[in-house]
Amino acid sequence: MKRYWFELTDENYNDLGAFIPDGSSKQSAVNRARRWMKDNGIIEAILAVNSMKTDNILDMIHIEEN
């Protein structure tokens, strides 16, 4: 069951346009975001984790590539 929808943003919370599928695993979304960031030369981003049920933001995960 899909519990979350995800949005990858920059530090100003602008959508980066990454496709990260809805799902139930935050870690899978982080892994997919890291791959997208690497492919697109993005060093830092924020993954917003939103509830499918309430549409509320549940978590903001800062991702930094070395």
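A residue is called buried when its relative accessible area is under 20%, exposed when this area is over 50%, and partly exposed in between, with a 1.4 Å probe and protein chains only. The model examined here is predicted, so that local features need a pLDDT of at least 70 and side-chain atom pairs count only at pLDDT 80 or more, whereas totals for chains, interfaces and linings use all residues. Residues are numbered from 1 along each chain as its sequence is written, and side-chain values use heavy atoms, with hydrogens and water left out.

The protein chain contains one helix and three strands, where helices (H or I, at least four residues) and strands (E, at least two) are DSSP runs numbered from the N terminus. Read from the N terminus on, these elements follow the order β-α-β-β. The radius of gyration of the protein chain is 11 Å, close to the 11 Å that the globule rule gives for 66 residues, so the chain is as compact as a globular protein of that length; the radius is taken over C-alpha atoms, and the rule is 2.2 Å times the number of residues to the power 0.38. Along the principal axes, the C-alpha trace of the protein chain spans about 35 × 20 × 15 Å.

Of the 66 residues of the protein chain, 32% count as buried. Among the contacts in the protein chain with a separation of 6 or more, 40% come from residues 24 or more positions apart, a contact being defined by heavy atoms within 4.5 Å.

In a search of the whole structure, one aromatic pair was found. The pair consists of tyrosine 4 and phenylalanine 6, and it is tilted, with 6.1 Å centre to centre and 55 degrees between the planes. For such pairs, rings of Phe, Tyr and Trp (its six-membered ring) must have centres within 6.5 Å, and planes under 30 degrees apart count as stacked, over 60 as edge-to-face and the rest as tilted. Tyrosine 4 is buried, with a relative accessible area of 10%, and phenylalanine 6 is likewise buried, with 8%. Both residues are touched by asparagine 50, whose contacts beyond four places in sequence also include Trp5 and Ile57. Asparagine 50 lies in strand β2 (residues 44-51) and, at 3% relative accessibility, counts as buried.

The loop between β1 (4-9) and α1 (26-40) holds leucine 16, which is partly exposed at 24% relative accessibility. Not counting residues up to four places away in sequence, leucine 16 touches Leu8, Thr9, Asp10, Trp36, Ile42 and Ala45. Asparagine 14 is found in the loop between β1 and α1 and counts as partly exposed at 42% relative accessibility. Once neighbours within four places in sequence are left aside, asparagine 14 is in contact with Leu8 and Thr9. The C-alpha atoms of asparagine 14 and isoleucine 46 are separated by 9.6 Å, although these residues are 32 residues apart along the chain.

Backbone angles were also examined, given that most residues other than glycine have a negative phi. Tyrosine 13, although not a glycine, has a positive phi of about 65 degrees; tyrosine 13 is placed in the loop between β1 and α1 and is exposed, with a relative accessible area of 54%. Aspartate 55, also not a glycine, has a positive phi of about 70 degrees. The place of aspartate 55 is in the loop between β2 and β3 (57-64), and aspartate 55 is exposed, with a relative accessible area of 51%.
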